[in-house]
Amino acid sequence: MKLTFLGTGAADYDWSKYGQEGIAGSTVTLLEERILLDCGPTAEAAMKRFGVNAEQINCIVNTHSHSDHFNIDNIRKITSGRKIDFYGSVQACEKLTDCCNVHAITFGDEFTVNGCTFLALPANHAVEDIREETFNYLISSNGKTLLYALDTAWMLTKARRLLGTKHIDAIVWDATMSQPDNWRIFEHSDPVMFAAIRRVLQKSGNIDENVKVWFDHRALTLWPTDPAEQEAIARRENVMLARDGESVTI
Ligand SMILES: [Zn+2]
Ligand SMILES: [Zn+2]
């Protein structure tokens with residue numbers, strides 16, 4: 001399974017400065033060269049910057065409709081007249097019926113695109129419309145399974161139930177905060193929260209010591225600005241930091 005992190009920043013970046021040193025893009029990940037996981041305000045610029053052709057994208061899978069993950073102008077630029085598949089909440093789908101083949105999903109739904117099977121898990125997160133569902137995904141492709149968990153706080157009971165005994169090879173986790181005790185813990189995560197979840201998932205056999213973990217969706221104002229300090233946190237937590245433009249294989 002191939003992932004390219006096209007953007008790894010949380011919503012506190014000034015994206016009018018996108019392209020300048022130290023400005024991470026909105027969180028967008030390219031999966032198996034064909035699928036965009038989210039499509040926020042810097043998605044199209046990031047694709048140009050990192051050499052991804054819009055024509056190779058035939059599907060967008062959306063976690064939720066916060067503006068840093070869901071930008072209709074960018075979706076239109078990428079589809080540019082082609083009707084590509086879009087998977088997301090009922091409310092997000094309603095906004096895209098003219099430019100996408102929309103597939104409204106709900107928790108527990110499973111769907112397959114380009115050989116990648118997605119299981120829609122509930123995220124611990126909410127948009128302005130409190131009734132709108134927000135998703136994390138368990139994604140299986142080429143014999144590997146990825147937990148794509150952003151944006152989210154602590155894993156919800158229903159997500160844990162849907163996970164069952166499935167084995168997870170890699171995790172992309174919401175690490176909006178670098179420190180515990182932040183008021184955002186009811187919607188986002190920090191390394192202490194993740195470490196507790198990781199220990200229990202390892203005890204239950206869902207992951208082992210070889211699990212690859214990337215911290216993604218890191219907030220500019222909640223992480224140290226010095227890259228060496230950022231890497232020190234990653235080393236301490238035994239994770240990697242997702243970086244804009246980086247491709248990884250699971
Ligand atoms: Zn976000
Ligand atoms: Zn969000």
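Colleague: What should the 13 residues of helix α5 span, and what is the distance between its end C-alpha atoms?

Modeller: At 1.5 Å a residue, α5 (residues 191-203) should span 18 Å, and its end C-alpha atoms are 18 Å apart, which agrees. The expected span is 1.5 Å times one less than the number of residues in the helix. This is a predicted model, in which local features need pLDDT of at least 70 and side-chain atom pairs count only at pLDDT 80 or more, while totals for chains, interfaces and linings use all residues. Residues are numbered from 1 along each chain as its sequence is written, and chains are lettered from A and ligands numbered from 1 in the order in which they are written.

Colleague: Which residues of α5 are buried?

Modeller: Pro-191, Met-193, Phe-194 and Arg-198 are buried in α5. They cover an arc of only 150° around the axis, so they lie on the same side of α5. The arc is that of the directions from the helix axis to the C-beta atoms. Buried means that 20 or more other C-beta atoms lie within 10 Å of the residue's own, exposed means 12 or fewer, and partly exposed is in between, with C-beta atoms placed from the backbone.

Colleague: What do the buried ones pack against, and which residues are exposed on the other side?

Modeller: The buried residues pack against β11 (170-174) and α6 (227-237). Ala-196, Arg-199, Val-200 and Lys-203 are exposed on the other side of α5. Helices (H or I, at least four residues) and strands (E, at least two) are DSSP runs, numbered from the N terminus.

Colleague: Where is Gln-202, and what does it touch?

Modeller: Gln-202 is in helix α5. Not counting residues up to four places away in sequence, Gln-202 touches Ile-207 and Asp-208. Contact here means C-beta atoms, placed from the backbone, within 7 Å. Gln-202 counts as partly exposed because 13 other C-beta atoms lie within 10 Å.

Colleague: What follows α5?

Modeller: Gly-205 follows α5, and its phi is positive, near 85°.

Colleague: Switching to α2. Which residues are buried there?

Modeller: In α2 (residues 72-79), the buried residues are Asn-74, Ile-75, Ile-78 and Thr-79. Their arc around the axis is only 130°, which puts them on the same side of α2. Among the elements covering them are α1 (43-49), β4 (59-61), β5 (84-88) and β6 (100-104). Ser-80 follows α2 with a positive phi, near 30°.

Colleague: And the sheet with β11 in it, what is the strand order?

Modeller: The order is β7-β8-β9-β10-β11-β12-β13, an open sheet of seven strands with mixed pairing. The edge strands, β7 (110-113) and β13 (240-241), each pair on one side only. Pairing requires at least two bridges found by DSSP between two strands.

Colleague: How many bridges join β11 to β12?

Modeller: Five bridges join β11 to β12 (residues 212-216), and the two run parallel. Val-172 stands opposite Trp-214 in β12.

Colleague: What else does Val-172 touch?

Modeller: Leaving out residues up to four places away in sequence, its contacts include Thr-29, Leu-146, Tyr-148, Ala-149, Leu-150, Asp-216 and Ala-242, along with Trp-214. Val-172 is also one of the residues with the most contacts inside the largest nonpolar core, which has 57 residues. A nonpolar core is a set of buried Ala, Val, Leu, Ile, Met, Phe, Trp, Tyr and Cys residues joined through C-beta atoms within 7 Å.

Colleague: Now the backbone. Which peptide bond is cis?

Modeller: The one from Leu-150 to Asp-151, with omega near -5°. Asp-151 is in the loop between β10 (144-149) and α4 (157-163).

Colleague: What about phi at Glu-32 and Asp-181?

Modeller: Both have a positive phi without being glycine: Glu-32 is near 50°, and Asp-181 is at about 70°. Most residues other than glycine have a negative phi. Glu-32 is in the loop between β2 (28-31) and β3 (35-37), while Asp-181 is in the loop between β11 and α5.

Colleague: Is Asp-181 buried or exposed?

Modeller: Asp-181 counts as exposed because it has 8 C-beta neighbours inside 10 Å. Glu-32 has 17 inside 10 Å, so Glu-32 counts as partly exposed.

Methods:
Two residues are in contact if their C-beta atoms, placed from the backbone, lie within 7 Å.
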